[in-house]
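Biologist: I am new to this structure and would be grateful for a close look at a single part of it. Please describe the surroundings of the second ligand and what the record says about that region.

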Amino acid sequence: MNIQNYINGQFENPSSNSWIDNYNPSNGEVYGQIPNSSKEDVEQAYKAAKSAFPSWSQTTLEERSRILIKISELLEANLDRFAEAESKDNGKPVSLAKMVDIPRAASNFRFFGNAITQFASESHESVGQNAVNYTLRQPIGVVGCISPWNLPLYLFTWKIAPAIAAGNCVVAKPSEVTPMTAYLLGKICNEAGLPKGVLNIVHGLGTTTGQAIVEHPNIKAISFTGGTATGAHIAKVAAPMFKKLSLELGGKNPNIIFADCDYDDMLNTTVRSSFANQGQICLCGSRIFVEETIYDKFKADFVNKVKDLKVGHPSETDTNIGALVSKPHLEKVKSYIEIAKEEGATVLCGGNEVSVEGYENGYYLQPTVIEVKTDDCRVNQEEIFGPVVTIMPFKTEDDVLEMANKVKYGLSATLWTNNLKRTMRMSNQLQAGIVWINTWMMRDLRTPFGGVKASGVGREGGFEALRFFTEAKNVCIKY
Ligand SMILES: NC(=O)c1ccc[n+]([C@@H]2O[C@H](COP(=O)([O-])OP(=O)(O)OC[C@H]3O[C@@H](n4cnc5c(N)ncnc54)[C@H](O)[C@@H]3O)[C@@H](O)[C@H]2O)c1
Ligand SMILES: O=C/C=C/C=C(\O)C(=O)O
C-alpha cells in the first residue's frame, strides 16, 4: 500500500515522484512505498500551514477543543484498524498497540483539547507604579514536529495535539520507518473537520525531509523526539536561527531494586520495564541494579520469567515480544550482545535471533539478560534500545546512586523500596527528568515529561507543552 503526503487537506505524491520502500518487520517484506519528499514538498506544506494560520490562530478555544476531541473519538472508533496498521508497520504486538499506542494517541488529542480551554496566562500588578502587566500567550505560527519509530502515532500526536491546540499550524514528519498511522491520521483529521493546512504531514528521510523542516527559515519552533546524535545535529542547525527547540532524546535508565521492596510487584513490573515494546521505549529500565542480599534470588526468578516470554508474530494474541523495527536495528542490537561477550559479561538468557515459523525473514530476537561485572562497560553506558537488559548487584545506597548517575543520559529512573527516607533522598539526587517509585511508566499527561543531560532539553506534557508552543508577550499598561 502506497502512502502519500497530507498537504492542505489533500493527499499528494511527492513532487519528485521519488519513493522509499516500507518494510513489514514481522516478515521482512516490502509492503508499500512512502514518499521520499524533498525540500519542495516541505515548502508546499509550509505554504499551506502559513495560509491556514491567520484563521486557525483566531479560531475560538471551544472550536479548537471540539475538533481535537472529535479526532480523539474517531481514533477510538477506528482502534482496531489503527492498531493493526501500527503493529504491521512497527512489529509490535497488536495487543500492545490496542492497549497502549492507539488509546494513548486518542488521549493526547482529548487531553490537549481539554487543556487548551484551561490554559491561562499571568498578570502582574506593579504596585505603587500605577501599572499593570498582562502576558499574552500567542501561537508561534508554523511549527515543525519530528518523531521516531518506536511509539509511532503515540509520540507523533503527543507533539501535534498541543501544537494545534495552541493555535499553531504544523509541518510534521513521522519516522520513515513507521509512517503508516500518521498517514491514516490525515484522513481522520479531514473527517473531524480540521481546517485544511492546519496539519501537514510530509513523509521522507531525516537527512532530507527532516533536515528541510529544521532548516526552514520560517518554521520557528521544532519539537523533536529521537536519538541523541540527531538531536545534537538539529540543535546545531536550528540554534543560529534562534528557533525554539524541544528535544526528547535517548536514555539509559537505571532500575534500582532494594531488598525491602514489594518483591512480586517489582518482579512483574521489571519484566515489563525491560521488554515492553521489544525494549524499544526510551523509558525502559535497561540497567538493573539489585541489592546484593536479594541478588541471587532475583537473578533466578527474573531469568525464569524472561524465558517464559513468547517471541512470536505480532498478530498472535499470546505474543509477548514481537519483531524489532528493522533489519539494521536488529543488527545494531545484536552487535551489543557481542560487545557484552567481548567485555567479559555473561549472557544469562536469550542472545539469539528467533526463527518464527512462516515468518523466517522477520526481525525477531530473544529477550536477553546480561550479567555485567561493572557499570563501566559499553553495554551499561550506551543506549541499545532493544530487548536487552543488564543486571548487577550493589552494596550500598551511595554506590548505586553513583552508578545510576554515571551515564551521559538522564531520562528516567525507577526505584523499588518501601523506605520513605531513602525514597526522598534518592529521588532528590537521581539525575533524571522522571523518577518512578514502585512503578514504571505510569503516566499522567499533566506532568512535565523530558530528560536532563544527553536525554534532551525542554519538557513536554500538560501546560509545559502549551507554553512551548506559544510565545509569551508581556503588555505593560500605565494608568
Ligand atoms: N526521550 C524520548 O521521549 C524518546 C522517545 C522515543 C524515542 N527516543 C529516542 O529515539 C531513538 C530511536 O528513534 P529513531 O531511530 O527514529 O531516532 P532518529 O533520531 O534516527 O530519528 C528520529 C526522527 O528524526 C528524523 N531525522 C533524522 N535525521 C534528521 C535530521 N538531520 N534532521 C531532521 N530530522 C531528522 C528521522 O527521520 C525520524 O523522523 C532512540 O535513541 C530513543 O531513545 C526518545
Ligand atoms: O520512547 C519514549 C517514550 C516516550 C513517552 C512519552 O513521551 C510519554 O509517555 O508521554
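Predicted model: local features only at pLDDT ≥ 70, side-chain atom pairs only at ≥ 80, totals over all residues.

Modeller: A polar contact is a pair of N or O atoms within 3.5 Å. A polar side-chain atom of Trp 158 lies 3.4 Å from an oxygen atom of ligand 2. For Tyr 154, the distance from a polar side-chain atom to an oxygen atom of the ligand is 2.6 Å, and for Arg 104 an N or O atom of the side chain is 2.8 Å from an oxygen atom of ligand 2. Taken alone, ligand 2 exposes 300 Å², of which the protein buries 98%.

The shell around the ligand can be considered next. Ligand 2 is surrounded by residues including Asn 150, Leu 151, Leu 155, Ile 281, Leu 283, Arg 443 and Phe 449. Helix α5 (residues 152-165) supplies its largest share, 3 residues. At least three residues of the shell come from each of domain 1 (5-249 + 455-478) and domain 2 (254-437).

Cys 282 also belongs to the surroundings of ligand 2. An unreviewed UniProt entry places the annotation "active site" on Glu 248 and Cys 282. Glu 248, for its part, is found in strand β11 (residues 244-248).

How values were computed. Residues numbered from 1 in each chain as written. Chains lettered and ligands numbered in written order. Heavy atoms only, no water. Near = heavy atom within 4 Å. Polar contact = N/O pair within 3.5 Å; in protein donor to acceptor, adjacent residues only side chain to side chain. Areas by Shrake-Rupley, 256 points an atom, 1.4 Å probe, with all protein chains shown as cover. Helix = DSSP H or I, 4+ residues; strand = E, 2+ residues; numbered from the N terminus. Domains from an automatic or database assignment. UniProt positions renumbered as here; feature names shortened; annotations may be inferred.
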